[in-house]
Amino acid sequence: MHDLWAPCLSEDWPNLPVERAEGVHIVGHDGKTYLDFVSGFGASNVGHNHPRVIEAARKQMERMVHAPLGMFAPEPTLRLAWELGKITPGKADMFFFGNSGAEAIEGGLKLARYVTGRRAIIGFYGGFHGRTLGAATLTTSKARYRDRQGPFLPETYYVRFPYPYRSNAPTLDAVIQESLDDIDRLFRHVVLPHDVAAILLEPVQGEGGYVIAPAAWLKALREICDRHGILMIVDEVQSGFGRTGQWFASQTLGVEPDIVCMAKGIASGFPLGSTAARRELMGKWGPASHGTTYGGNPVSTAAGLATLEVIRSEGLLENARVQGAYLMEALGRLKAESPIVGEVRGVGLMTAVEFVVPGSKEPNGEAASRILKRALAAGLILYPCGHWSQTIRLIPPLVITRDQVNQGLEIFRQAVLAERV
Ligand SMILES: Cc1ncc(COP(=O)(O)O)c(C=O)c1O
């Protein structure tokens, strides 16, 4: 193992020396071909190195690599904004382009504060929004991510995200009510709603453990936002671009956000992110109040345009729904077979298994870690999530075939069943 990366990354998994990648496969330096069920943290939705994406980027590279927005108006970036306007929830038709998920979040926070003139932001326990200081302020999936970085943004508040499996409330309605009561208490005791600029949430908490927001809770949040003039920012960085079986999870779960933050799957691994909103809102973001040198880079946006075309022409939204449903069914059977499987969760191809100590709900990160290692040795790349790293996400590229799903499932199943209980 090398020691050239900053040690803040060194515990990451699996640090595999890689040679090349294609579709759902990664070829390591060891010459071994691995099945990838992580999709580069959810970026390679159309599969690694899709030939149409590579070709679009290559052609743009030959024309012009760097064209700072504002100074120039590169065609692929204009066209991508136009195309995104057709699919982004909340009737968003104006876009700020950055380079990453964290930047998309920073843009969302700055925009919300600017247009409302308010300061406070409400986030949710278990949320993950990135590593820059504003995004890290709203990130609470693990306290380690915040270690020695404060002081954070002032006037940020956290409330519970409905997580039925880890709540003591008896029914889903009661779990939702816990979260809404937290907000109510915040408004009564800590901050008046008219001081709150935005509520920031992931429709499916990713790093926090693949926890799916209940539709009724999203509806109640929407009502709270409407009643008090608070903007709803959704972080679709991991859940966007077909992952849940629609273009965005907001559509799958039926909520209309005011601001949408997107990245990852937008350009199949080329660095790109965007903060999106409807014109009446984003049009009020005053000149010079935000900016970027590389954001909306034409090579990345050309890759983004090709990515959208591939998702459409290869029917990947449909494939995510079909393969996702199949995967969920199989994981449900695995739950019946293994007492260390606490819960199986998923929407589209955003699926995960939470591991526990048998006979309890005690999080079992140790078992998850052994399962990851066993699966890797057998040729399947997986990645954990959840506060105790007790959950393993299964997020293959959306181009995956039934055969490949079965191959991955079988390796995963054997790795789980090898746990002695
Ligand atoms: C939901 C969510 N938001 C934001 C981010 C940050 O994105 P990036 O790593 O591109 O800054 C991530 C990354 O994992 C994420 O999953």
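**Packing of two helices**

In α12, residues I371, R374 and A375 meet I411, F412, A415 and V416 of α13; contact here requires C-beta atoms, placed from the backbone, to lie within 7 Å. By class, this contact of α12 with α13 comprises six nonpolar, no polar and one charged residues. The nonpolar class holds Ala, Val, Leu, Ile, Met, Phe, Trp, Tyr, Cys and Pro, the charged class Asp, Glu, Lys and Arg, and the polar class the others, Gly among them. Helices (H or I, at least four residues) and strands (E, at least two) are DSSP runs numbered from the N terminus.

Two packed helices are described by the angle between their axes and the distance between the axes. The axes of α12 (residues 365-377) and α13 (residues 402-417) come within 9 Å and cross at roughly 135 degrees. Axes are lines fitted to C-alpha atoms, for helices over the stretch in contact, and angles run from 0 to 180 degrees between N-to-C directions. The two helices α12 and α13 are therefore oblique to each other, the term for angles that are not under 35 degrees (roughly parallel), over 145 (roughly antiparallel) or 65 to 115 (roughly perpendicular).

**Basis of the model**

The model is predicted; local features need pLDDT of at least 70, side-chain atom pairs count only at pLDDT 80 or more, and totals for chains, interfaces and linings use all residues. Residues are numbered from 1 along each chain as its sequence is written.

**Ligand surroundings**

Around the ligand there are 15 residues, of which S100, G101, A102, G130 and V237 come nearest; a residue is near a molecule if its C-beta atom, placed from the backbone, lies within 6 Å of it. This shell divides into six nonpolar, six polar and three charged residues. Helix α4 (residues 101-116) gives the most to the shell, with three residues.

**Backbone exceptions**

Most residues other than glycine have a negative phi, and most peptide bonds are trans. F41, in helix α1 (residues 39-42), has a positive phi near 60 degrees. N49, in the loop between α1 and α2 (51-63), has a positive phi of about 50 degrees.

F41 counts as partly exposed because it has 16 C-beta neighbours inside 10 Å, and N49, with 15, also counts as partly exposed.

A cis peptide bond, with omega about 5 degrees, joins G150 and P151. P151 is found in the loop between α5 (133-137) and β6 (156-159).

Key
A residue is buried if 20 or more other C-beta atoms lie within 10 Å of its own, exposed if 12 or fewer, and partly exposed in between; C-beta atoms are placed from the backbone.
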